[in-house]
Amino acid sequence: MDSRSFLPLPDDGVLAANAPTPFEALRRIHWLDAVPLATLKELAGHAVLHQVPAGSMLFDQGETPAFAQFQIGGTVEMFAEGRSAETLVELTEPVDLILPAAALSRQPYLLRARVLREARLLLIHVDAFRQLVGADHALCLAVLACQAAQFRRQVMRLKNVLLRSAEERVGCYLLNLAEAAPLGAEVRLPLEKRLIASQLGMTRETFSRSLALVARHGLRVDDDLVRVDDVAAARTRFPLDPLIDGREAINPIPLQT
């Protein structure tokens, strides 16, 4: 591939000299383990690592991708925006590809992306990425596994919104936080309440009313601290479902020999 055919990389936000190289960053992504080193080196040759501060807009909906973006660190908010409203669709965590479908299909982004917590991104020229995905079977399977996990996360979120009441969504969310924390550890809300409400498919006012209802069943929130007063009552009223509340990891698709 001729690198001259690709767009220039941005200059701002490049990491310090002691940061890992793009090749080293790719080597550390577990779901790329089966990808040949030669392919990773080719990707790295068209890539740069960036540190992006909180509040930065990565792209807006309707924009056409210039880069495939691997999220190495931090948290990114994915929003859908209408005429007078904005709703949170997903929060992405490392290590993930940010909306790869747009990069692969040459289509505009359907969402806008904003950095919630300082993010580390590996940006790869979209044409180089697309060509290598088409040329390397192992890379194609790795990206397919990533997209499969993203699809499953969205189905789980949709099931949560469609199959549970607002009270049940809030109760299961809080119980999931408490159950995931080490025994005896203090549990704090990981996000602002307005973001949690949007993530759960409700208004901030509905979220507040639901918190009062949930408190009757052993779960309450003081400021941003989650208190579990009666774990048995909470588990009875808000049973967790692994097909809705579970974490969806990226599981590499094995190569056939």
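Ala, Val, Leu, Ile, Met, Phe, Trp, Tyr, Cys and Pro count here as nonpolar, Asp, Glu, Lys and Arg as charged, and the others, Gly among them, as polar. The model is predicted: local features need pLDDT of at least 70 and side-chain atom pairs count only at pLDDT 80 or more, whereas totals for chains, interfaces and linings use all residues. Residues are numbered from 1 along each chain as its sequence is written, and side-chain values use heavy atoms, with hydrogens and water left out.

**View 1. The second largest cavity.** The whole structure holds two cavities of 30 Å³ or more; a cavity is a set of points, on a 1 Å grid over the protein atoms alone, where a 1.4 Å probe fits but cannot get out, and its lining residues have an atom within 4 Å of a point. The second largest cavity has a volume of about 30 Å³, a volume being the space filled by probe spheres set on points joined across faces, edges and corners. Phe-67, Ala-68, Gln-69, Leu-97, Ile-98, Leu-99, Pro-100, Ala-103, Tyr-109 and Phe-129 form its lining. Nine of these residues are nonpolar, one is polar and none is charged. Helices (H or I, at least four residues) and strands (E, at least two) are DSSP runs numbered from the N terminus.

**View 2. The largest cavity.** About 50 Å³ of space lies in this cavity. Around it stand Trp-31, Leu-32, Ala-34, Val-35, Ala-138, Leu-141, Ala-142, Pro-252 and Ile-253. The lining consists of nine nonpolar residues, with no polar and no charged ones.

**View 3. The largest nonpolar core.** A nonpolar core is a set of buried Ala, Val, Leu, Ile, Met, Phe, Trp, Tyr and Cys residues joined through side-chain atoms within 4.5 Å, where buried means under 20% relative accessible area (1.4 Å probe, protein chains only). The largest core has 27 residues, of which Leu-26, Trp-31, Leu-32, Phe-70 and Phe-129 touch the most other members. At least two residues of this core come from each of α1 (22–27), α2 (37–44), β1 (47–52), β3 (67–81), β6 (112–125), α4 (126–135) and α5. Helix α5 gives the most, with seven residues. Another core lies apart from it, with 25 residues, including Cys-172, Ala-197, Phe-207 and Ala-234.

View 4. Beyond its neighbours within four places in sequence, Phe-70 is in contact with Ile-29, Trp-31, Leu-32, Asp-96, Leu-97, Arg-120, Leu-121, Leu-122, Ile-124 and Phe-129; contact means heavy atoms within 4.5 Å. In α4, the buried residues are Val-126, Ala-128, Phe-129, Arg-130, Leu-132 and Val-133. The elements covering these residues include α2, β3, β5, α3, β6 and α5.

**View 5. The pair Asp-96 and Arg-153.** Asp-96 belongs to strand β5, and Arg-153 to helix α5. Asp-96 is buried, with a relative accessible area of 3%. Its side chain makes a polar contact of 2.8 Å with the side chain of Arg-153. A polar contact is a pair of N or O atoms within 3.5 Å; within protein, one must be able to donate a hydrogen and the other to accept it, and residues adjacent in sequence count only if both atoms are side-chain atoms. With neighbours within four places in sequence left aside, Asp-96 is in contact with Trp-31, Gln-69, Phe-70, Gln-71, Cys-146, Gln-150, Arg-153 and Ile-250.

**View 6. The largest pocket.** A pocket is an open set of grid points with protein on both sides within 12 Å along at least five of seven lines. The largest pocket contains about 1200 Å³ of space. It is lined by 34 residues, and Leu-91, Arg-153, Gln-199, Gly-246 and Arg-247 are the closest to its centre. By class, the lining has 16 nonpolar, seven polar and 11 charged residues. Elements β4 (86–92), α5 (137–163), α6 (166–180) and α10 (242–245) each supply at least two lining residues, and α6 gives the most, with six.

**View 7. The second largest pocket.** The volume of this pocket is about 400 Å³. Of its 22 lining residues, Leu-99, Ala-101, Leu-110, Leu-111 and Gln-150 are the closest to its centre. Two or more lining residues come from each of β4, β5 (96–97), α3 (100–105) and α5. Helix α5 gives the most, with five residues. The lining comprises 13 nonpolar, six polar and three charged residues.

Notes: Buried means under 20% relative accessible area, exposed over 50%, partly exposed in between (1.4 Å probe, protein chains only).
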